Amino acid sequence: MKLLNTYTRRNSSEVRIGDIPLGANNPIRIQSMTNTDTMNTAATVEQTIRIIEAGGEYVRVTAQGVREAENVKNIKERLVQKGYNQPVVVDIHFNPKAAYIAAQYADKVRINPGNFADNKSSKDANKSAGIACIKEKFIPFLNICKEHHTAIRIGVNHGSLSERIMNTYGDTPQGMVASCMEYLEIVRDENFHDIAISIKSSNTRVMVHTVRLLIKTMDEANMHYPLHLGVTEAGDAEDGRIKSAVGTGALLNDGIGDTIRVSLSEAPENEIPVAKDLVRIAKQRIGDNALPNGGEELYSPFQYNKKESIAINGVGGNNAAVVWTTIPEHTKTITLQSDKIIDERDIRDLAKKDSIIIAKTSHSNVMAAHRSLALRLKALHINSPLIFAFESTSTDADFYQLQAASELGGLLLDGFGDGILLEGNFEESFLERTGYNILQASRVLFTKTEYISCPGCGRTLYNLEKVIAQIKARTSHLKGLKIGIMGCIVNGPGEMADADYGYVGAGVGKISLYKGQECIKKGIPQENAIEELINLIKENGDWKAITN
């Protein structure tokens, strides 16, 4: 891993994707995915154009079968006729034959190593048999991609690993990385270079730590493929934007990422302005000054390690993380500038252990500056409670939230700090709501229901946005409960691995309900599904009365 005290963008190899290359010195690319029926050429083309005109550089469509993969040719031709040459990416699950067809027409094909091959040996942990099964289906696909100059994304998702990998590693970051590396070793052996990679999860902590682990593993193997970043099933509205900013922003802040997608349960063109803002925030780090060193040996970027602290005035120790918009009265604090060397006087003051530390900075990389201070305090064995401050002059509420989530989320995901202080030109209620949303997105403190909802695609057979709104209206009082709302069986139950309950599309007008990853009710009529979901929650004792 690179130095922690200065911003440098990760050095990745370049990949050809149509006329818009990825990685190396190219800009961070922005993309989205259509949610139309891929067989509906006109609707898919129209939505693709809306994404492109909003600023999307790559557009992905789904191909669940050979028919949809064949129709990618018509979609591409229609786009070119209308003057749009941006790369089209095809998303494949479970169907190598569809991938073989799509590779002849698309600029890039995404496959999931968890369900592309490896079925023959899925009942045991025999790696050699598993690799042989992968090669049987993957190498013909590579050869087609070579012939047609088609790039590939190896897209690993938390919760959708192959049974063999699950039997060996469980549903862990190590398993996700191992699944990816098996394919990358084949790619290198076959002398294929146009590869991008993604490691995604709806759990921001898992997503960030696994991407970092993948980079370490690739570096050791002398692999430097570009990375596609994204938080899957982020949800919609404010929650979805903040959750995406926490996960993606934590990596962008450290120079990681070559292309991003913000997965919102909304019209796909709505994702593009959010992605643009996240890239804009990341660009602010370019050319920033180096930060003070100290304590780097105490930091592991691959797991959550809660900072040890004493409790003062209900902050730190075993207390829940706090959100401040002003410093509470009669609370003794000391303010340190995160981008400055701590002088001896400050250390003496801190040694009294009766003050809460407020970390402030004017550095362009707030996350790195605060991390630098936290590590130096740890090295000095100073365990006073630590509050990270964020202040912005922005008057754009949406942008402020993305900034704050990007800067503070990574600190919380790693376990630094006992709370956050948000300051800005907004009402206290807005700042407080933003703060608690950041804590929840960072998995530090759950203060409301969490919805893990996919953005939808051509496989979704019901009105996702409408159903999400209906479920929220009935369940938003269930503090701490996690509910997955997934368009199809591909994205659920695996990719809602953290959900307590799941509502999953099972076919036209049919829904399956899950408790955890167990299907409890299969293929029930959609008109009854929400009420059945409520009943399932009640039957398991997780329903709480609505209180004012």
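How far is the sulfur of Cys 488 from the closest cysteine sulfur, and in which residue does that closest sulfur lie? In this predicted model, the sulfur of Cys 488 lies 5.3 Å from that of Cys 457, its closest cysteine sulfur, which is too far for a bond, given that a disulfide requires the two sulfur atoms to be within 2.5 Å. Cys 488 is itself buried, with a relative accessible area of 7%. For Cys 145 the closest cysteine sulfur belongs to Cys 180, at 16 Å, and this separation is likewise too far for a bond; Cys 145 counts as buried, at 1% relative accessibility. The structure as a whole holds zero disulfides.

Aromatic contacts were examined next. A pair of aromatic rings is described by the distance of the centres and the angle of the planes. The count of aromatic pairs in the model comes to 10. In one of these, the ring centres of Phe 138 and Tyr 183 are 4.9 Å apart and the planes stand at 65°, so the arrangement is edge-to-face, the angle being over the 60 degrees that this class requires. The two residues belong to distant parts of the chain, with Phe 138 in helix α4 (residues 127-148) and Tyr 183 in helix α6 (residues 173-189), a separation of 45 residues. Both partners are shielded from solvent by the accessibility criterion, since Phe 138 has a relative accessibility of 0% and counts as buried, and Tyr 183 is buried with a relative accessible area of 1%. Phe 138 and Tyr 183 also take part in a cluster that ring pairs build together with Phe 116 and Phe 141.

A further pair is formed by Tyr 299 and Phe 416, whose ring centres are 5.7 Å apart and whose planes meet at 25°, so that this pair is stacked. Tyr 299 is located in the loop between α9 (271-283) and β9 (322-324), while Phe 416 is located in the loop between α12 (397-414) and β13 (419-423), so the contact ties together parts of the chain 117 residues apart in sequence. Tyr 299 is buried at a relative accessible area of 13%, and Phe 416 is buried at 9%.

Aromatic rings also meet charged side chains. The charged end of Arg 280 sits over the ring of Phe 399, at 4.0 Å from the ring centre. Lys 482 lies over the face of Phe 446, with a distance of 5.4 Å from the ring centre.

In strand β11 (residues 356-360), four of the five residues are buried, so the strand is largely enclosed by the rest of the structure. Strand β10 (residues 333-337) runs parallel to β11 and is joined to it by five bridges, with Ala 359 in β11 as the bridge partner of Leu 336. β11 also pairs in the parallel sense with strand β12 (residues 386-391), over three bridges, and in this pairing Ile 358 stands opposite Ile 387 of β12. The chain passes from β11 through helix α11 (residues 366-379) to β12, in a β-α-β crossover that is right-handed.

Strand β16 (residues 501-507) is mostly covered, with five of its seven residues buried. β16 pairs with strand β15 (residues 482-486) in the parallel sense over four bridges, and Ile 485 stands opposite Tyr 503 of β16. The pairing of β16 with strand β17 (residues 510-515) is antiparallel and extends over six bridges, with Val 504 opposite Ser 512 of β17. β16 and β17 form a hairpin with two residues between them, and Gly 509 in the turn has a positive phi of about 70°.

Most residues other than glycine have a negative phi. Ala 24, although not a glycine, has a positive phi of about 55°; this residue is found in the segment before β1 (29-33) and counts as partly exposed, at 23% relative accessibility. Phe 94 has a positive phi of about 70°, again without being a glycine. Phe 94 is placed in the loop between β3 (88-92) and α3 (96-102), where its relative accessibility of 54% makes it count as exposed.

Definitions and conventions:
Residues numbered from 1 in each chain as written. Predicted model: local features only at pLDDT ≥ 70, side-chain atom pairs only at ≥ 80, totals over all residues. Heavy atoms only, no water. Phe/Tyr/Trp six-rings, centres within 6.5 Å; stacked < 30°, edge-to-face > 60°. Buried < 20%, exposed > 50% of the residue type's maximum accessible area, 1.4 Å probe, protein only. Lys NZ or Arg CZ within 6 Å of the ring centre and 35° of its normal. Pairing = 2+ DSSP bridges. Right-handed = clockwise from strand over helix to strand, strands pointing away.
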